[in-house]
Amino acid sequence: MELARKTAGLTQVQMAEKLGVGQSYVSKIERGESYVDVMTFVDWYGACGLKPGLALDQWLQVMPEDTQIA
């Protein structure tokens with residue numbers, strides 16, 4: 001998610017403003033300390049000008065096979 005944000009030219013502060021959350025939450029997401037719900041995922045990639053469904057498809061393709069999805 002950090003790569004998408006940076007590629008879109010957004011700072012953590014700008015992303016936080018777009019999502020209506022604090023910058024520390026954006027930081028925790030990017031460090032893997034906090035999970036995102038599906039709506040935050042959609043909003044995040046939308047803010048980056050990307051289609052969330054395509055981003056998810058790409059993420060699932062590079063995910064290790066032994067990774068369990070809850």
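Student: Is glutamate 30 buried or exposed?

Tutor: Keep in mind that this is a predicted model. Buried means under 20% relative accessible area. Glutamate 30 has a relative accessibility of 17%, so glutamate 30 counts as buried.

Student: Okay, and which residue forms a salt bridge with glutamate 30?

Tutor: Look for a side-chain nitrogen of Lys or Arg within 4 Å of a carboxyl oxygen. Here the closest N and O atoms are 2.5 Å apart. The pair links distant parts of the chain, with glutamate 30 in helix H3 (residues 23-30) and its partner in helix H1, 25 residues apart. That partner is arginine 5.

Student: Is arginine 5 buried or exposed?

Tutor: Arginine 5 touches several residues beyond its sequence neighbours, including Leu10, Met15, Trp44 and Cys48. The relative accessible area of arginine 5 is 5%, and the cut-off is 20%, so arginine 5 is buried.

Student: Which residue does lysine 6 meet in a salt bridge?

Tutor: Stay in helix H1 and go four residues along, about one turn of the helix. The N to O distance is 2.9 Å. The partner of lysine 6 is glutamate 2.

Definitions and conventions. Residues numbered from 1 in each chain as written. Predicted model: local features only at pLDDT ≥ 70, side-chain atom pairs only at ≥ 80, totals over all residues. Heavy atoms only, no water. Buried < 20%, exposed > 50% of the residue type's maximum accessible area, 1.4 Å probe, protein only. Contact = heavy atoms within 4.5 Å. Helix = DSSP H or I, 4+ residues; strand = E, 2+ residues; numbered from the N terminus. Lists of a residue's contacts leave out its neighbours within four places in sequence.
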